[in-house]
Amino acid sequence: MPTNAPNLASSAEETTSNFPFVGWLRDVAPYIHSFREKTFVIAFAGELVQEIGLENLIEDIAMLHAMGMRIVLVHGIRPQIEEQLMLRKIKSKFGKSALHSYRITDAAALECVKEAAGELRLDIEAAFSRGLPNTPMAGSRISVISGNFITAMPVGVVEGVDYIHTGLVRKVDSTSIKLSLDSNKIVLLSPLGFSPTGQAFNLAYEDVAASTAAALKADKLIFLSPYAGLRDAEGDFITELSMPQLQEYVAQNKDIDLGMKGLLNIAGRAIRAGVSRVHFLPCNQDGALLEELFTHDGIGMMLASSDIENLREANQDDVGGILQLTMPLEEEGILAARGQDVIERDIHRFSVIEHDRVLFGCAALFPFPNGVGELACLAVDPDVQGSGDGERLLKRVEMRAKQEGIKKLFVLTTRTEHWFLKRGFKRATVDDLPEERKQIYNWDRKSMVLTKDL
């Protein structure tokens, strides 16, 4: 290594420090590349408009569109309907079941629904027409398409209650929506649908969003809602669930908010219909959408498709597959050498990702005293690098660490320092290692030490 390498590194750090946007852009560039040409259905509750306003959200969505993402935007109007009802001195009526609380929409209430939907839709279209103020995109018109894309059917009479003009999504005109997206339009959907005979129905915006995402086989369905997220047994917010994990959670927790339970049920339907990921974000936090999409840890909860079921804890049958992943990296000096006997002994410490019963990645967690743990042996098959398996393994290890009461992770690496730095790790020294680990530190490898607080 040249003698001036430390100075170059120092200079690079100073540049990033003086111009923080450089580091930020480097961090988000891989996400931008990954999301380009992907279809996102973004649904926000009407409460968002009241709590943080439309302006920043529309600017964020305009940026996503400018980055090449295909956007379908669905808005809710529940508080706006309440305002219209109050103005006309009409009392709200609801019918309840185990999974939802539907509004009973009579003729007078339907007029309020139309008024609320039309007013908010016009506000959204006007906001998009402003472009991105104070930027080179100021004044640029972002074309928004809305129309009768949703065919609806009545809820009908449920448990003796006639919901009249309250409806459910019957069909989504996915062909027309795809043509609009192909023409670089943002598609805007209101929670209204029409029957083949021209009758209008008041719909749940969650139903519209999930049905549209399913019809488009969207890459992401994102909800910005007023419902609190799910918490684990320790009271911490859950950041990721698979469908089996969600079903287990719902079975064990009977006190989930009715609105959240209905949203989870709708999201599960979308996952089963082929939507890859569903994200749940708070609607009262400015920038939540960008933080979820462009940071490693995100800000909300993600419900994943069945592929996530392949992320699991290892067993003795996985030893051979782990060796196939790690041995080439050991030969290159990227990973510390571990023999088969060592892996067999520590197999309960490994997590693996498999696809079609073939291992594509592994990682291990080793606990030390005082709430410290080591992330070790993180390896991903070269054929699938860049697909996010490394990040999923890291999150899995972090989740296991929290469950075991570990507050800080450390990792030793010789070549992948920047990958870990981008995911929240910070530079440390050998002196920061637990005493037991310090005693067996390999000074010949001169591995860099990185730590992360959990």
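This is a predicted model: local features need pLDDT of at least 70, side-chain atom pairs count only at pLDDT 80 or more; totals for chains, interfaces and linings use all residues.
Where is the place of glutamate 159? Select it in the viewer: glutamate 159 sits in the loop between strand S7 (157-158) and strand S8 (161-162). Strands (E, at least two residues) and helices (H or I, at least four) are DSSP runs, numbered from the N terminus. Glutamate 159 has a phi near 50°, a positive value in a residue other than glycine. Most residues other than glycine have a negative phi. With a relative accessible area of 68%, glutamate 159 is exposed (exposed is over 50% relative accessible area, buried under 20%, partly exposed in between, with a 1.4 Å probe and protein chains only).

Before moving on, some conventions. Residues are numbered from 1 along each chain as its sequence is written.

Colour the model by pLDDT, the predictor's confidence in each residue, from 0 to 100. The protein averages 88, and 91% of the residues score at least 70. Over residues 1-17 the pLDDT is below 50, and this stretch has three contacts in the model beyond near neighbours in sequence (contact means heavy atoms within 4.5 Å).

Next, select strand S20, residues 372-380. Nine of its nine residues are buried, so S20 is largely enclosed by the rest of the structure. Strand S19 (residues 358-368) runs antiparallel to S20 and is joined to it by seven bridges; strands pair if DSSP finds at least two bridges between them. Within this pairing, leucine 365 stands opposite leucine 375. The hairpin of S19 and S20 has three residues between the strands. Asparagine 370, in that loop, has a positive phi of about 65° although it is not a glycine. At 77% relative accessibility, asparagine 370 counts as exposed.

Now select arginine 437, in helix H16 (residues 435-439). Arginine 437 is buried, with a relative accessible area of 13%. Leaving aside neighbours within four places in sequence, arginine 437 is in contact with Phe368, Glu374, Phe410 and Leu412.

Note on methods. Side-chain values use heavy atoms; hydrogens and water are left out.
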